[in-house]
Amino acid sequence: MTGCRFCADRCNGAELGPLLIDELHWLWTAVAAAADRRGDADLATGRLQVATPLAPNSRAAAVGLLGGARLRAGQRRTVDMAALTTRLRVRGPRLTPGAVAAHAVGRRLAVRATEKRARNQLLVTVRENLEQRLAGLPGHVRNRVDPAAAWERLRTTGWAARLAGQPDPFGLVAQATAVLAALPPDGQRSDRRTLVPTRPHALDEGRTLAGLVLALAGLSGVRARAAWDVLGVDCDDLTGGLHALGIHPAGWTLPADAVVTVPPRELDRCIWPAPPQPGAWVFVTENPSVVAAAAGLAAGGAQVRLLGTSGTPSAREIVTIAALPATGWRVAVRADFDAAGLAHVRAILAACPQAVPWRMSAADYMASDPTPDDTGRVLAAAADTPWDPALAEVITTTGAPAYEEALLDKLLDDLALGHPSA
């Protein structure tokens with residue numbers, strides 16, 4: 001740590017008074033701006049172009065420092081910084097143009113550039129450390145994480161910048177890769193609370209370590225429970241699951257308008273009852289608000305059968321939904337018109353080929369009043385909406401999401417009728 005708060009003690013033993021007069025402030029201001037721009041706090045070499053001031057006293061004060069030639073008002077003058085440094089050394093053996101300018105403007109120069117260089121160098125070292133650790137992961141984990149793409153994922157999701165701001169980025173990387181190394185092989189499962197020994201809550205939702213692990217696995221932006229499920233990790237088997245209205249596991253007895261959550265523990269052993277008549281429909285929605293409105297409909301006497309995923313369905317939830325046709329139910333599924341919602345519908349239709357989209361056409365999208373919001377522009381390819389390629393085209397043209405609540409009245413009509421609209 002230096003004694004001078006403006007320069008790296010370049011001013012020691014220097015006579016700064018004659019250099020810091022008001023008439024020379026224009027010159028040092030220009031030097032300070034260039035030092036900040038170039039990230040060079042000394043600016044003792046190279047060239048700098050300055051505009052000479054209109055005031056004759058200010059021009060006259062700089063003649064000796066700039067080589068003795070007469071300065072005209074408003075001219076552009078190229079300054080040899082090495083020569084200026086030599087002239088300044090008459091006033092102090094370690095002076096540089098940047099050091100004098102720092103005293104003139106009353107602050108350190110090139111701080112941001114210096115910090116940026118240090119940050120960039122830190123990130124280079126962190127990246128090298130991360131890639132080395134990823135290369136040593138078990139094969140089944142490397143297949144999931146793809147070490148070659150991991151850093152780019154961190155960069156594009158903002159996690160690289162977050163690492164640079166961590167008190168101990170190397171320690172955080174070491175912890176994250178240790179969690180990855182503990183992920184179970186394909187076909188097996190682990191409890192999230194056991195992945196960090198002695199710290200059962202280290203990977204709770206919202207924790208920095210949990211976010212970094214999921215980012216490395218390419219699962220940023222995915223609902224936490226669903227993301228861990230992809231990695232073969234159970235958060236717990238009591239919270240989450242499916243909201244159920246009018247359709248419950250066999251053996252359950254509930255009022256017709258009761259909404260209950262079927263937790264993961266029960267989903268694992270869920271056996272659906274046979275429908276009261278062949279071909280009866282079960283509807284699947286993404287949003288709890290639709291389930292709540294449907295419960296009001298059921299309270300009025302309508303026979304409603306509805307499952308809600310509350311966002312991204314986990315693999316376990318999808319398997320449970322896909323089991324409905326085996327006992328005779330027909331399934332209709334929908335979600336929001338955004339990237340996540342389209343993915344939800346695709347995932348359920350892929351696992352349950354007998355299911356049909358429910359009000360998920362291009363016409364339904366336009367009827368949902370798509371409106372731009374802060375979630376960003378929505379794009380879709382034909383492969384994103386295989387049930388209706390025109391839907392992808394109109395979503396991309398419009399570029400805005402649309403949400404289930406916009407169609408709530410129509411959805412309730414279908415639920416009351418007991419079958420999806422044609």
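# Notebook: sheet, helices and pocket

**Entry 1: the end of the sheet.** I started at β10, where P357 is the bridge partner of V333. I kept in mind that this is a predicted model. β9 and β10 are joined by 2 bridges and pair in the parallel sense.

**Entry 2: along β9.** Next I looked up how β9 (residues 330-333) meets β7 (residues 281-285). These two strands run parallel, with 4 bridges between them. I checked individual partners. V331 of β9 stands opposite V282. A332 of β9 is the bridge partner of F283.

**Entry 3: the whole sheet.** In what order do the strands of the open sheet lie? I read β6-β5-β8-β7-β9-β10, which makes 6 strands. The pairing is mixed. Which strands are at the edges? They are β6 (259-262) and β10 (356-357), and each of them pairs on one side only. I also noted a general point: side chains in a regular strand alternate between the two faces of the sheet.

**Entry 4: a helix across the sheet.** I then looked at α13, which spans residues 288-299. This helix lies across β5 (242-245), β6, β7 and β8 (306-308). Relative to β5, α13 runs at about 15°.

Entry 5: I moved to α5 (residues 111-135) and α7 (residues 147-156). Their axes come within 9 Å. The crossing angle is roughly 145°. Is the crossing left-handed or right-handed? I found it right-handed. Which residues make the contact? From α5 come L123, V126, R127, L130, E131 and L134. From α7 come P147, A150, W151 and L154. Sorted by class, this contact of α5 with α7 has 8 nonpolar and 2 charged residues, and no polar ones.

**Entry 6: the largest pocket.** My last stop was the largest pocket, with a volume of about 190 Å³. How many residues line the largest pocket? I noted 20. Those nearest its centre are E205, G206, G211, L214 and A224. Which element gives the largest share of the lining? That is α10, with 5 residues. By class, I recorded 9 nonpolar, 6 charged and 5 polar residues in the lining of this pocket.

**Entry 7: recap.** I followed the sheet from β10 through β9 to β7, using the bridges of β9 with β10 and of β7 with β9. I also have the right-handed crossing of α5 and α7, and a largest pocket to which α10 gives the largest share of the lining.

Conventions. Residues are numbered from 1 along each chain as its sequence is written. This is a predicted model: local features need pLDDT of at least 70, side-chain atom pairs count only at pLDDT 80 or more; totals for chains, interfaces and linings use all residues. Side-chain values use heavy atoms; hydrogens and water are left out. On a 1 Å grid over the protein atoms alone, a cavity is a set of points where a 1.4 Å probe fits but cannot get out, and a pocket is an open set with protein on both sides within 12 Å along at least five of seven lines; lining residues have an atom within 4 Å of a point. Grid points are joined across faces, edges and corners, and a volume is the space filled by probe spheres set on the points. Ala, Val, Leu, Ile, Met, Phe, Trp, Tyr, Cys and Pro count as nonpolar, Asp, Glu, Lys and Arg as charged, and the others, Gly among them, as polar. Axes are lines fitted to C-alpha atoms, for helices over the stretch in contact, and angles run from 0 to 180 degrees between N-to-C directions. A crossing is left-handed if the near helix is turned anticlockwise from the far one by less than a right angle, and right-handed if clockwise. Contact means heavy atoms within 4.5 Å. Two strands pair if DSSP finds at least two bridges between them.
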